[in-house]
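The points are grouped by topic.

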Amino acid sequence: MSVIAIISALLRTLALGWATLGLWRLRDLWLAPLVGLLAASLVPTVIGVGDAASATVGPLLAELFASAAALVAVILIVRTVKAHKKLKRETSLLEQVFHHSPEAIALLDRQDRVLRGNAEFSRMFGYSEEEAKGKSVQDLIAPPDRTSDGALLQNALEEEATASDESVGQRKDGTQLPVSITRTPIRADGEEVAVLGIYRDISARKTTEDALRMSEEKSNTILDHIDDGYYELDASGKLVALNHALCKILGYAPAELLGMDGRKYLDAENAGKLNELFDWMSQGGAPSGAVDWEIIRPDGTRRWVEGSVSPIRNSEGGIDGFRGILRDVSERKAADEVMRRQWGAIEASMDGMAIVDQAGRIEYANDAIVAIYGYSSPASLLGKSWKMFYTGDDLTRIEEEILPVVEAKSQWRGETYGTRLDGTAFPQESSLTKLRDGGLTIVVRDITQRQLHEKKLRESEERYALAARGANDGLWDWNFRTGDIYYSSRWKAMLGYEDDDIGTAPDEWLSRVHPDDIEILRAKISTHVGGASEHFESEHRVRHKDGHYRWLLCRGSALKDEVGAVYRIAGSLSDITDRKHIEERLHHDAFHDALTGLPNRALLLDRLSHALNRVTRRGDYLFAVLFLDLDRFKIINDSLGHALGDALLVAIARRVRDCVRPDDTVARLGGDEFVVLLDGVRDVEEATTIAGRIHESLTNPVRLGDHEVVTSASIGIATSSRKYERPEQILRDADLAMYRAKTRGKSRHEIFDGDMHHHMLVRLELESDLRGVLDRNELSVYYQPIVSLDDGGIVAFEALLRWKHPERGMVSPDIFVPIAEETGVVVPIGYWTLEQACRQMTEWAPFLPSDRPISMHVNLSGREFRHPDLVDKIRSILDRTGLDPNQLGLEIIESVVMENAASAAERLEQLRALGVQLQIDDFGTGYSSLSYLHRFPIDTLKIDRSFIRQMLNDQRNAEIVRSIVALAHELGMQVIAEGVETTEHVAKLRELGCERAQGHFFCEAMPPDSPRLFSSNMLVSHPV
C-alpha cells in the first residue's frame, strides 16, 4: 500500500469522525451509531484502493483500521442506547406534568390552532383532547373579545415576548367564563414554531371583585350622604380617602385634601394632641372614643370638631394608617360655653338665686342666697320649701298677693321682708318668675344697705343744697327724665353770666363748648351713662361771655333706678384755665430748648421717628438731616463770656431757622450743636443747597454788644434710607459727616457715605488699641532739630511721638493724637513721652556742643495742661532723669491757653516756677487776646506752619509773620517758624527777622540714634 493511499484513508476516516461528533452534538442519537458502522465498513475499502502501492503493508493497515472502526461503532451504539432511555424517562415525566397540571395548557401552532391540550384544558372548555386538536383559538373566546385577543397573540409572536390578558372564554356548549391567558412563543433552532398558552378560570375572583366593587359603591354612596365627615390617613398622616361631608367641614375641595397632611389645618397645640393619640394607638392602644379638637379653615375661621380615630391594620397586625369620623360641634361648643358662663355668672352673682319645683321644694341654690339667709351651704337648702324664707305677714303676703300675680302674669317683682335662719328680718328686693314645668325661679337681693344709703342720700341732698349755695365750684344736675339741667349760680358766674341769663336746657352748656372738644365731651358722657366708666370726668373749653374760652374741669356721677337705667347725672365744674396754661408751658419747655426756643433732642427724635415711618409707608419719600457744629465757639464763649456766647447761639438759631422752609425742623441738641430736619426733599442736592444757604448766612458778622463776631459751621448731611430703623442711627451718620467736615478744614459740609462709618469703626479700633499701647511698647519718640537761621547751628530738639501699630504699621500722629486727646489716654502717653525725651537729652549731653545751650521741646496736650497733677509729675520726671529744667521747653497750643486765659496764666506761672521754658505752639490760629499775651510768662512763640507755607504767595500771610515776629520781639520772646521746606522760606524768614526755624528743609524727625540729628551746621548743605 502506498503512502499516498494511507494518507487518503486517514483523511477520510477523520472526516467521518468529525461528522459523527457533529451529529452527536446535535443530539441526533439514532444516526451516530450508523455513521460509526459506515466508517468501519468503508475503511478496508478505502485502504484497498491504495493497495497498488504496497502489497505487504496493505493487509496489516487494513486490519488495524477495521478493528478501530468496529470499536468506535460499539462505543457509539452503547452511548446511544443509554441516551435514548434517559430521553424516554424525561419525556414520560413531561407528559405526566402536562396532562395532570391544574392549569389549563394548550400548545398552539403559528396558524392559531390547538396542537395539544391537557386534561384541565379539555375540562375548562368542554372539548375532548381529540376534539380540541385543530381548534382555532378564536373559537375558545367569546365573540366580543376575539379581535383584541387575536391581536394580542399576534403582537406577542412578533415581539417574541410573553403576553398576558384577561378575556371571556366560550365553552363547547356556548357558555362563557372569565379567563386569564398567558402566551409565550416557543422557538426551535432559533425559529418560532409554536405558542404555549396557559388559561386560568378567574370566575371566583371576578365574582369577588364585583361584590367588592358593589360594596365600595354602596359604602361610598352611604358615606357621601351622611352629615359626618369620614377620612382615612396613611401611616404618615396624609389623607387617602374622604367623603363630601369632610370637605364641607374642613372647607377644602376634595382634590385639595387628598394627599394633604391631616394636621395641616390644625394649630400646633391641636396637632400635638392628635400626634399623641396616633402614637398611643401605634403602640397598641385601642381605638379612641369621641375626641374634641379645633381645626382652622382656609379663611382663617376656627371650628370645633368631635372625632373618632381607629387604626387600619394590615394582615400582619401592623398599622398602615388611621380612619375615623369627624363631626362639627362648634354650635354645641358655643352653647356649652354660653351655658357655662351663665352658670358661672349665677354662681358669682351677688344676688341670691334659687330654682324650686312644682311642689315648692328647692332644687338649686347659689352661694349668694345661702349667705343672704344665713345657711351653711347650698346643700342645706335642697329639698326644703322656699316659703321658709318668709314668716308672719310676709308669708301671708306671699300666699295671698304675690303668688296669684305670678300665676296670672308669670312674674312678680317688688320689695318684701325676708327672715334669716337666726330669725332676724331684713328688707329685700325679690323677683319671682314662673317656669314652664310649673316651678319658680327666685331672685332676691338684700337691700338693707341700700335703704341706709337712700336715707343718707336724702340727708346728703339737704347738705348738698346748702353746699351749692356756698361752693367755689359750679354745680350741675342733669335729670334725664325731664331733660333739664340745673346750673348753680357759681356755674353761671364762671362763664360771666347772671342767674337769669342761663336757663335749664343742656344746650346752655353744650353749645358753648369749643368745637374741638364737643365730640370728646359727648363721648365721655355716653361712656359713663353706658356703664363703661365708674366716674365721668372731662377737661374741655367753654366760651366765656366775653368771647374767650376758659378751660373747665367737669366731674360727675350717674344714678340708676331699680332696673339699672340711668335717670340722673350730677357733678361739679372747676375753672382750670391757669393750670392749663402752666401745663402747656411745662409741655413746651419739656420739648424745647430754653435758650433758643427751638425744639430739643426729645422733640427732634419724635419728629424723626414720624419721618422714618413715612419712609416705610411711602417708597418715594425722602428727608435729610443736617448736623451743625459751630467752629471755634468755645474760644469765642470763653473770650467774650457766657452771656455773649448765649446771645451768639440765639442769633445763630434765628439765622438757621430763616434759611429753611416752614415745615422743616431746626433743633438744638445742646452746646453749639444744631440739627435741621428737612422734611420731604427732592434729592440730596436740595439738602446741600440749604446747607450752602446756611454757610452764606453765617458769613455775616454777629453784633454782640461792643463786639462783632464772625463764626462758621461744619455741617454733616445724611439722607433717609430704609436701612435706618431708629432716629438715633441717622443722627449718628449725620454727626459722622459733620466730623469729616471738621477734619477737612471746617466751614464746609460733607455728605455721609459708607466710608465714613468704616472710618469710624477704624477710629474705634484705634481707640481700643491705644489703651494698651504703652504696655505693648509700640510707641517711640523721634526728634527734629530746631535751627538758628544765623549760623545753621542746632539750638533745640522737638520730641515727636510715633506709633508703630503691629498690623497697620506707622500711624500718623494727626490720626491717633486727637483720639488720645478725646479719650484721655493722652495723659499717661504724654508723661511717658516727656520722660523719654528728658532721659534722651541726658544721654546726649556728652555729645552736644558746649558753646551754646541746647534744649528739648516737648508738646503738652490740652488734657495734660489742665491735669491737676501736671506740675508734680514734671518735677518728678526731672528728678528721675536728672535733666536741668532750663534745658526743657514745654510747648502748649495757643487755643488751649486761651480756653480760660485766667486759669492758664496761673498754671503757666506754676510751670515757670520749675525753671522750664514755655512756648506757645501754632501761634496765630487761636485768636489770642493780646491783653493776656503780655501777662503770660512765655519764652517763645512758634508760628503755625500754615502761615509759613503761604507767605511767599500771599502778602497777607507774610505780613502776619512779620507782625508775629515784631510782637514777640517787643514782648522779649523768641520766634520759631515751623514747616520750613525751601531755600525761599529760609530767605524770607531772615528778611522778616525770624531767628529760628524747623522743618524738612533742615532735617525730618529721626530716631535718636540717627547721625543726621547732630550736623554742626544745618545750612551748609542748603546754601541760601
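The largest cavity has a volume of about 80 Å³. The model is predicted, and it holds 1 cavity of 30 Å³ or more.

**Cavity**

- The lining of the largest cavity consists of Tyr231, Leu233, Leu239, Gly262, Arg263, Tyr265, Leu274, Phe278 and Trp293.
- At least two lining residues come from β6 (229-234), and at least two from α10 (268-282).
- By class, 7 of the lining residues are nonpolar, 1 is polar and 1 is charged.
- Rolling a probe the size of a water molecule over the atoms is a way to show where empty space is left.

**Helices α20 and α21**

- Helix α20 spans residues 633-640 and helix α21 spans residues 642-659; the two pack at an angle of about 135°, with their axes 6 Å apart.
- On the α20 side the contact involves Phe633, Ile636, Asn637, Asp638 and Leu640, which meet His642, Leu644, Gly645, Leu648 and Leu649 of α21.
- This contact of α20 with α21 comprises 6 nonpolar, 3 polar and 1 charged residues.

**Helices α28 and α30**

- The axes of α28 (residues 870-881) and α30 (residues 901-912) come within 10 Å of each other and cross at roughly 20°.
- Because angles under 35 degrees count as roughly parallel, α28 is roughly parallel to α30.
- The crossing in which α28 passes α30 is right-handed.
- Leu870, Val871 and Ile874 of α28 make the contact with Arg907, Gln910 and Leu911 of α30.
- Sorted by class, the contact of α28 with α30 has 4 nonpolar residues, 1 polar and 1 charged.

**Helices α33 and α34**

- Helix α33 covers residues 955-970 and helix α34 covers residues 983-992; their axes come within 10 Å and cross at roughly 50°.
- The pair α33 and α34 is therefore oblique.
- α33 passes α34 in a crossing that is right-handed.
- Ala958, Val961, Arg962 and Val965 are the α33 residues that meet Lys988, Leu989, Glu991 and Leu992 in α34.
- The contact of α33 with α34 has 5 nonpolar and 3 charged residues, and no polar ones.

Terms used
Residues numbered from 1 in each chain as written. Predicted model: local features only at pLDDT ≥ 70, side-chain atom pairs only at ≥ 80, totals over all residues. Heavy atoms only, no water. Axes fitted to C-alpha atoms, helices over the stretch in contact; angles between N-to-C directions. Helix = DSSP H or I, 4+ residues; strand = E, 2+ residues; numbered from the N terminus. Parallel < 35°, antiparallel > 145°, perpendicular 65-115°, else oblique. Left-handed = near helix turned anticlockwise from the far one by under 90°. Contact = heavy atoms within 4.5 Å. Nonpolar A, V, L, I, M, F, W, Y, C, P; charged D, E, K, R; others polar. 1 Å grid on protein atoms, 1.4 Å probe; cavity = no way out; pocket = protein on both sides within 12 Å on 5 of 7 lines; lining within 4 Å. Points joined across faces, edges and corners; volume = space filled by probe spheres on them.
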